[in-house]
Every structure is written in structure tokens, then in C-alpha cells.
Amino acid sequence: MDETAHNAVGSIAASPWVALAYLVAGVCFILALRGLSSPVSSQRGNRFGMIGMTIAVVTTLITHEIASLPEIVAAIAIGGAIGFVIARKIAMTDMPQLVAGFHSLVGLAAVLVGCAAYLNPEAFGIATLMVPMIGQPVAIIHPASRIELGLGVAIGAITFSGSIIAFLKLNGNMGGKPIMLPGRHVINLAVLAGILGLIGYFTQDQAPVVFWTILGLSFAIGFLLIIPIGGADMPVVVSMLNSYSGWAAAAMGFTLHNSAMIITGALVGSSGAILSYIMCRAMNRSFISVIAGGFGAEASSGGGDAKEQRPWKRGSAEDAAFLMSQAEQVVIVPGYGMAVAQAQHVLREMGDKLKAEGVRVRYAIHPVAGRMPGHMNVLLAEANVPYDEVFELEDINSEFAQTDVAFVIGANDVTNPAAKTDKTSPIYGMPILDVEKAKTVLFIKRSMGGVGYAGVDNDVFYMDNTMMLLADAKKMVEDIVKALG
């Protein structure tokens, strides 16, 4: 058999200017991540990210004959227009599912690139051997490139299908409660082992049936991993899927010999994994169980209906205004209910009025408040709440015992003492904000019949020091602002 070494693009030595441009883009991405680590420098971080992406895209377009310029411009215009319209119309309450949707597109892009590279490796500069078979030369992909290709499409497919499930749960198309499949751990392990085994076999045989089976199993495991995870743990899922999308891009970068993709993907993948690890620690979850899709509620806390019959106290906006105006310190705990009502602006107005009366106002943020990491921080920043008044759980939890009023607006699971006392609760073991230790708890909620995303009732509602403020969050805070005068 006559073999001819062939590498259409990969054999061409990369220009040092191209390498330098990708290096500059990578530095910009690192500076972007550094800037995004603090609300004060987040805008500068975004600018660095945009500059780095512009350099990477322009460099790639100049140095690769991917398509004609009109085709590229048309594709950018279509995608940019869609993104612009979505960004303009999306409500902050829908931001978590938007992020999950975007993650699915990143995974799908990796899959499509991988499929195109497999079907036409020469066009993507993948190392191949041209072997004459049945009268026609056939491209045999180098074994190392097959590993990169297999991992890229597998991670991309898992990201896509997993993000679809996360989107459906966050958007309310699927219930927030976990869907427990019988023998799910055995099934998941068997499918994962099958994917890894097939990727190994793919290095020896690049037959289409092997490649497409890897892809099919990867789509399936994405669904299987996310379906058993409950709504209370969805912020960690979003963070983990973000990490997956980065690793998929990095794997494709190795396949395509594109250092910009490798750098960007590795940064996104590692930062997402670190964030997921931090959040798992904050929730007392196992990091490994996140990857395996083995966490979430195993059983729901019983007695939700019975607890609603327990005695509780109802207050008014005037009561809340009086109590807070007489306090020395008020700690505000925002949650998803605040996001739904879009109450962040009037909440800041309330905080300003209290500060004008000499009250010390602080905001307590739980790591998984809302539906995605940083959800509450973004909303408060949008309302121009001073950064030095916003504190994370570990920095403020010890202060609740010395707090006169804990003002909880739409946060349920992250303040539920069942996480510390009820071993049957789906949120058991998750650190919570100890609002019950405050002298008075003012709790805004639409009705006593509703429960948090985890589907369990909250003992704080029925405590002697709690006053329930039943109304739409924005309307109630507006009434409190009026009562403050």
C-alpha cells in the first residue's frame, strides 16, 4: 500500500506575528478574568475581553482561508443581530436560562466543528495520511488528532444536552424536582466508560460507526447527568456546564492547532471548575458528585402542607417601616423573588432612606441565591447599590446575632434552617444565612402556600421573631418606602 504523508495546513509553520497576536489575545482574556473578579473592575475586565476576542477573531480571519469575506460578514451580521435582540429583550429574571442556552450553543458549535473536521480533515489542517483505497485516496487522521477530536465532540455534546435540560428546568418547562432514574449511577458509569473506551478504540479505527456512536452516547449522558439534579442545586450546574463548554473549546483548539482557542477554552474551563468547587464547598456538596450528576434531592421533606397550618404573624408595610427605622442595623437578604419582581431599584431606595435616618444597612448574598452564580450581585449592581455594603455569606453570617432586623426579600431555600436540622430535606448540609438569629425577621413572600425552588417549607416563617409581609416584593417595598416618608 502506497502511503503519502499529508498535512495541508498543519505543515505550514505558523507566522511569529500570528503567534504574537494570539498571545496578546490570551493576555487580554486573563486580564478580563482578573477584572471580573471584582464589581469595581468588572467593566474594565469586559473591555479587555472584547479587545482580546476582536484580536483573536481578526487574526484567524486574516490567516485562514475559511470562507469568502461576504460569507463571513453575513454570518457575523446574522449572529450579532440575533445576540443583540436577545440581549436587549431578555429580562434579568431570565438571565440564568439565557446563560444555560448560550452554553448549549457553545457545546453545539464544538460538536459541529468536530463533525466537519472528521468529515474533511484536510480543510482543518489536521495531520493525515492519504492512503489509496478502492482506487481513491482516503484521509487517515493521525491517532493523536483522533483523541483530541473524540474528546472535543464528547465534551461538546455533553455540554449541549446538559445545558438543554438546565435551560428547561430554569425556564419552568421541566419541574425543579430531581427525576431519579432507577440505577442511574450504574447507567451513567456504564455510558461514560463506553465513551472513553470508544475514544480509545477510535485511535485504532476511525470508522464512521465509532465516531457517531461516541457522539450519540455523549448526547445521552448529558441528559442523564443533569436530569437527577434538583432545582436548588441548579446554580452549580450552570457553573459546571460553563466549565464543560470551555474544555470543549480547548479540545477543539488542539484539533485545529489554534492557540487562541486553547487559551480561551482552558481559561473558561478552569475558572468554571474553580467556581463550581467554591460553590460546592459553600453548599457542602461533593465536587465529584457534581461531575457525576449524583447530587440533588434524594427525598423531599415531608410535612409541607402540615407546616402551613402552624401559627404565623402577618405584618404591614407600616409595621416594617417602623421596625427598620428604629433599628441600628438592618441586613437585607435578596433572593429570586426580588429578581422576579424587579424590586432591586426600589430596594436601594429603601436602603438610602434608612441610611438617611442613621440605620446601618448591609446586604447579605448567599453563593447560590437566585438561579445562577452572582445573580443577586448583578441585580444589586444594576441598582447602583454600593459595593462596600454587599457581603458574602461567610463575611456576614456571624453578624445576624447582633442585627436588629433581617429583611428577607424573596429568598427561601438559602435561609431555611432545615438545611441544618432536617436530614430528610433536599437542602440538608447546605450552609444558610442565619437570619433566624436576628431580633426581628421581616420576610417578604407572595403567599404562605408557595415554597422555594427546592420544594420545601421554611421554618423561619413560623418563628416568634418573624413577621410575614405577604405581597409582591416590589409593591411591598414601595409601600415601605412611602411609610418611611
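**Ground rules**

I am working with a predicted model, where local features need pLDDT of at least 70, side-chain atom pairs count only at pLDDT 80 or more, and totals for chains, interfaces and linings use all residues. Residues are numbered from 1 along each chain as its sequence is written, and side-chain values use heavy atoms, with hydrogens and water left out.

**Entry 1: strand β5**

I began with β5, residues 360-365. Helices (H or I, at least four residues) and strands (E, at least two) are DSSP runs, numbered from the N terminus. Is β5 mostly covered or mostly open? Five of its six residues are buried, and buried here means under 20% relative accessible area, with exposed being over 50% and partly exposed in between (1.4 Å probe, protein chains only).

Next I looked up the neighbours of β5. Strands count as paired if DSSP finds at least two bridges between them. Strand β4 (residues 329-334) runs parallel to β5 and is joined to it by four bridges; in this pair, isoleucine 332 faces tyrosine 363 of β5. Strand β6 (residues 390-392) is also parallel to β5, with three bridges, and there isoleucine 365 stands opposite glutamate 392. I then followed the chain from β5 through helix α15 (residues 375-382) to β6, and this β-α-β crossover is right-handed. That label applies if, with the strands pointing away from the viewer, the path from the first strand over the helix to the second runs clockwise.

**Entry 2: nonpolar cores**

A nonpolar core is a set of buried Ala, Val, Leu, Ile, Met, Phe, Trp, Tyr and Cys residues joined through side-chain atoms within 4.5 Å. Which residues touch the most other members of the largest core? I found Leu149, Ile195, Phe202, Phe211, Ile214, Ile221 and Val237, out of 40 residues. The elements giving two or more residues to this core are α4 (95-119), α5 (143-170), α6 (184-202), α7 (208-226) and α8 (234-256). Apart from it lies another core, of 39 residues, and I noted Ile365 and Leu484 among them.

I also listed the contacts (heavy atoms within 4.5 Å) of phenylalanine 202. Leaving out residues up to four places away in sequence, phenylalanine 202 touches Tyr118, Arg146, Leu149, Val210, Phe211 and Ile214.

Leucine 196 lies in helix α6, yet leucine 196 is exposed, at a relative accessible area of 59%.

**Entry 3: salt bridges**

How many salt bridges does the structure hold? I counted 10, each being a side-chain nitrogen of Lys or Arg within 4 Å of a carboxyl oxygen of Asp or Glu.

I picked out lysine 355 and glutamate 389, whose closest N and O atoms are 2.6 Å apart. The pair links distant parts of the chain, 34 residues apart: lysine 355 sits in helix α14 (residues 344-356) and glutamate 389 in the loop between α15 and β6. Lysine 355 is partly exposed at 29% relative accessible area, whereas glutamate 389 counts as buried at 12%.

Arginine 362 lies in β5 and glutamate 399 in the loop between α16 (393-396) and β7 (405-409), so the pair ties together parts that are 37 residues apart in sequence. Both residues are buried.
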